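User: I've got a model open and would like to talk through a few of its contacts. Can we go element by element?

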Amino acid sequence: MSVLTRDEAQTRARLLDVHRYAISLDLTGGDETFDSRTVIGFTARTAGDTFVELKPAELRSATLDGQPLDPTTLVENRLPLKNLTAGEHELRIEAVMRYSRTGEGMHRFTDPTDGETYVYTQLFLDDVQRVFAAFDQPDLKAVFNLTVKAPEGWSVLANGITTHEGDGQWRAATTPLISTYLVAVAAGPWHSVTTEHRGLPFGIHCRRSLAPHLDADADELFEITRQCFDRYHEKFEEPYPFDSYDQAFVPEFNAGAMENPGLVTFRDEFVYRSAVTDTQRQTRAMVIAHEMAHMWFGDLVTLRWWDDIWLNESFAEYMGYQTLTEATRFTDTWTDFGVARKAWGYDADQRPSTHPVAPEAVDDTASALLNFDGISYAKGASALRQLVAWLGEKDFLAGINTHFARHRFGNAALADFIDSLASATDRDVHAWADAWLRTTGVDTLTPHLTQADDGTYTLTVDHDGSRPHRISVGLYDHHIADAGALALRERLDLDIPQAAPQPLGKRPDLLLLNDGDLTYAKVLFDPESFETVQNALAGLPQPLSRAVVWNALRDAVRDGRLPATTYLNTARTHLPHETDLAIVDGVLAFASGHIADRYLPAAERPTALATLTALCRDLIRRTEDGDNPGLRLIAVRHFIDAAAHPDTIAAWLADGTVPGGPELDPELRWRILGRLAVLGAVDEAKIADELARDPSATGQEGAARCRAALPDEEAKRRAWEAMFTTDEQADLSNYLFTATAQGFWQPEQADLVEEYVDRYWTDAPAVAARRGPAIATAAGRWAFPRHAVSEDTLRRGEQCLREADPTPALRRKLVDELDDLARALRIREA
């Protein structure tokens, strides 16, 4: 396939003005393909040549201004349009398109629970070409008229209000000007719950088999939606720009959600079948807030080219967390951001694949797709949070509203946004943007305390980096009445670089840089403060302060400044007293997935797992009174994952409950069965019995994960072939591929799977080339042999990068995974 370059897009944008699309889709033709008819009305500003993109199974016909075009001139995904004259034109294309099993284009899914079929589009970044012909670039906006013929009993959702005209024919209201990648269709026998708010129809939709679970949460989902909608209308002068607001929870979705105007699609794991923690509910609420922010950031005003994806994602990320904090019951969302999201940004920013938040060299769409990462989301949102702290929220919002007014239903770039901000303030936002958005890497802040002759102290902060920072510095002393607690003496505001040393008075027991987590930087401790951290971390009064400390400890382990066992011991000491669920879950995840599985030598892993199971047992005992079911659920999950012996969790499975609760729902049953499979304590018959008990889509994934985890040569062979060597008719869907990969590699089974480490370097590039970016990403992320921490793995991986010519999506994942592997080796050596 030919990828679109920035130069080609700019050339085409100078030539064309695209007005309207009329799209007709027929979904009644079978399981493999659907019919697509497109009429595009456009103007050529001058005479010239260009092309339209599509990826058909069959191009039936194409006409330009009534004159037939030769279908054989379609090369890869481009149909040339030669000798255009200046003026109005009409392009008509009829094609047969393939359904997808990878979450790209028009994805088709049959629910194993009841046999019902659903289809939905995911057209980002350049997958509109899999559904209809288009001039596929974000700055060629147009209005869209859509009709869909669907099977009897289906309903059709789209960007605008849809009307059933009879005989399976559905028509969507004409859209305002939007980009091609934002067109959306979702069709099937949806279960729908509808309401109205501020004169607009609101709807939530899911598969019929999930209807009871959606109904149980419908009030919560609508409440969050209304609260965010109202808060955005307080912040933004431009009203919501579309005619309705539907949220569809769809199966086998690759992302968390997609901001299609008027029809946001979410992965349907957000329709909870099993018990979840309040932090998980908060995460779902944040995704709702994030996607709604996109209605303005991305949909109303859209990037001109993909080098400005941060204008979409960083803003939606920042606004999602901030608006949730302001408008809903989830008032402590920035703690979860600090633990769960910010670490994603820090890690991405220290790999060879790092890039600026606003990069200048995104030459084509394949390169652009790689930048939807922790930098564009978490680092960009952190930069915006720092901008608000530096600029003030009033001026920040004034600049945003100027931006919307100047570019509504149009396109904008970084320079346009900075100019809008500059109109609202006297501060030099251009210099701020250069320092924060055009640079890479993580700054490091180190405190130095100096004692004066009168016994008082001053603070000087060493700054390794180039960005200016406005931070808070927390001064904490041991609580007089409670030896285990820390009391905030004072919180100082400090600008970095400093103009002069900061007076502190008497020395604090703990000096915490970036208290409140307002900037994006690593922070270190002076020796006395580190001793206090080890002894009294749980005594810090605010969870966000504790999150800053835990992130600092995490960074210290990753940088080789803190032994991994010290982190484990700190967790063992303080986590049993932690009250914030995001912190507990985040610390346990790092301790198990990174320290126990990778950073410690294999001989030390059993001791680490024993520490983790003892810690989780403490948390389970602490929650026996039932007062904190979320904390208990987290502890039970991590106890299962760290279990080195099958007896306890096998007894739970046999009894159908953890003593004292919770009862085992499908998620916990599959989690236990997966761990028992790793430990060789179940067989295929037991997995089949559980699948008969839960034949749902998530049950199918659980079974695939368990079967791949069995410590058996034949099971490993079958799992590997399912992922890498089957033919197109038997290819796994994106979700089943991921589930199989998650089960395959296990640290306990290193000897059993040793031969597959070598096979990975040839089989992964082959499947990535054959099946496209979604499977390439899954192969690089989930199927990578992360357990094999050795110089030989590193050498073979580097050879693969040099010689196997992996696709861009797989190459990026391999570069990142190999850098993480090299880091793990350095940590082991240290």
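User: How many bridges join strand β15 to strand β16?

Analyst: Keep in mind that this is a predicted model. β15 covers residues 191-197 and β16 covers residues 200-206, and the two run antiparallel. The number of bridges joining the two strands is seven.

User: Which residue in the turn of that hairpin has a positive phi?

Analyst: β15 and β16 form a hairpin with two residues between them. In that turn, a positive phi of about 50° belongs to Arg198.

User: Is α14 roughly parallel or roughly antiparallel to α16?

Analyst: Helix α14 (residues 581-599) packs on helix α16 (residues 629-642) with the axes 10 Å apart and an angle of about 10°. Angles under 35 degrees count as roughly parallel. So α14 is, relative to α16, roughly parallel.

User: Which residues in α16 does α14 meet?

Analyst: From α14, the contact uses Leu581, Val584, Asp585, Leu588, Ala589 and Ser592. The residues of this contact divide into six nonpolar, three polar and one charged. On the α16 side they meet Gly630, Leu631, Ile634 and His638.

User: What angle lies between the planes of Tyr318 and Trp334?

Analyst: Tyr318 is in helix α4 and Trp334 in helix α5, 16 residues apart. Both are buried. The pair is tilted, with 5.8 Å centre to centre and a plane angle of 35°.

Definitions and conventions
Residues are numbered from 1 along each chain as its sequence is written. This is a predicted model: local features need pLDDT of at least 70, side-chain atom pairs count only at pLDDT 80 or more; totals for chains, interfaces and linings use all residues. Side-chain values use heavy atoms; hydrogens and water are left out. Axes are lines fitted to C-alpha atoms, for helices over the stretch in contact, and angles run from 0 to 180 degrees between N-to-C directions. Helices (H or I, at least four residues) and strands (E, at least two) are DSSP runs, numbered from the N terminus. Angles under 35 degrees count as roughly parallel, over 145 as roughly antiparallel, 65 to 115 as roughly perpendicular and the rest as oblique. Contact means heavy atoms within 4.5 Å. Ala, Val, Leu, Ile, Met, Phe, Trp, Tyr, Cys and Pro count as nonpolar, Asp, Glu, Lys and Arg as charged, and the others, Gly among them, as polar. Two strands pair if DSSP finds at least two bridges between them. Rings of Phe, Tyr and Trp (its six-membered ring) pair if their centres lie within 6.5 Å; planes under 30 degrees apart count as stacked, over 60 as edge-to-face and the rest as tilted. Buried means under 20% relative accessible area, exposed over 50%, partly exposed in between (1.4 Å probe, protein chains only).
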